[in-house]
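Dear colleague,

Please find the structure below, together with its sequence.

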Amino acid sequence: MKCLGRIILGVSLGIALLTGVLAATANATLVYVTGGFPTSPPATPKPEWIWVARDDGSAARRLVPGSGARISHNGREVLYSLYQSGHVRLMVVPAAGGHSRVVLDNWQDGVGVWSADSRTVAAVTGKELGTKRLIVIDVSSGRVMHTVATGRDFSNVGYAPDGTQLIYTRMPSAGPGSDIDITSVKTWRTYALTDDDHSFGAVWGPQWIVFSRWRAPARSNDAPKVDLYLVKSSRAGLHRLTHTHPGFLLSGLTATAWSASGSRLLAEFSGQDTSYACKVNPATGAVSRVGTPAQGLLGYGLSRDGRTILATTGGPDPDDSDVVAAPYSGGAMRILARHAHFPDWNAGMP
């Protein structure tokens, strides 16, 4: 279960486009982080900074100190985290630059998700050890609009394409397991999408919700084995999509992003000391790695037309990495930001 917990809480995961496909994401905004990883020399981490740029990586400028940048859907504000006074604060700053404001004073679990109208944020608060709350915050006022749920941990929080519902992985206050819930942001009514204690990591697409389901390994001391499943929001049509056979201490697939048509799906294959981006065919379940092992591409986003992947190089634990745009169909990738990580963009949003 410790390994599963790392998978669930570590997947939260996640463009600028290559020449020839810029029309699909014109005027999109890219954000990313520099610093943080130790280099040799020196052997100590550098201070982390948030950067903002155009979707092709041009006109880059340093914004504020911090980490975990998330651009709003309208491209006007950047959500980020900052360690101050002994705890992590969730902050927001105009993408054009200016004064930063505290959105949440005691932020937990790395969850901070913009609503489709860029007015609210779903986030997690509470003690590091103990019960936490998934809440929705009005960004302009900082007011907590509603406590969506309570539990031991929350991850993979996201909105439905029409912005009317939240989907998230919930680990209960006691006992093992995890399941996926859906809450209306209008009525605040919640229902369970899964109830098997083995499901997590849902991403809502135009036709299907994709999520991961784990099974116990056959060998002792091995990692749990994970594959992707598809289901409708009504719980109809549940079926297994992928049939992978991860090796010892390897786990399997978690979803990252859909294309707008639902014809292309980006996922991440993970395990001990392993993480790399994969393309998944939603019709057949066929899986193929993005890029080469030497490139070590981690996927963070997919363009709305499904043609371009936002990624970083260097594998799961790099001393250094670059932010790149990689063609979904294969071919040369383009470097958008050197010595950078944790990218996000608003070109792939509804």
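A residue is called buried here when its relative accessible area is under 20%, exposed when that area is over 50%, and partly exposed in between (1.4 Å probe, protein chains only). This is a predicted model, in which local features need pLDDT of at least 70 and side-chain atom pairs count only at pLDDT 80 or more, while totals for chains, interfaces and linings use all residues. Residues are numbered from 1 along each chain as its sequence is written, and side-chain values use heavy atoms, with hydrogens and water left out.

Salt bridges

The structure contains 10 salt bridges, a salt bridge being a side-chain nitrogen of Lys or Arg within 4 Å of a carboxyl oxygen of Asp or Glu. Aspartate 222 and lysine 225 form one of them, with their closest N and O atoms 3.1 Å apart. Both aspartate 222 and lysine 225 are buried.

Another salt bridge joins lysine 132 to aspartate 153 (3.4 Å, N to O). Lysine 132 belongs to strand E10 (residues 132–138) and aspartate 153 to strand E12 (residues 153–159), so this pair ties together parts that are 21 residues apart in sequence. Strands (E, at least two residues) and helices (H or I, at least four) are DSSP runs, numbered from the N terminus. Lysine 132 and aspartate 153 are both buried.

Aspartate 196 and arginine 213 also meet in a salt bridge (2.6 Å, N to O). At 25% relative accessibility, aspartate 196 is partly exposed.

Sheets

Strand E1 (residues 29–34) is joined to E28 by 4 bridges, and leucine 30 has tryptophan 345 in E28 as its bridge partner.

A further open sheet of 4 strands, also with antiparallel pairing, runs in the order E24-E25-E26-E27. Strand E26 (residues 323–327) pairs with E27 over 3 bridges, where valine 323 has alanine 337 as its bridge partner.

Serine 275

Serine 275 lies in strand E22 (residues 274–280) and counts as buried, because its relative accessibility is 14%. A polar contact of 2.9 Å joins its side chain to that of glutamate 268; such a contact is a pair of N or O atoms within 3.5 Å, where within protein one must be able to donate a hydrogen and the other to accept it, and residues adjacent in sequence count only if both atoms are side-chain atoms.

Yours sincerely

Note on methods
Pairing = 2+ DSSP bridges.
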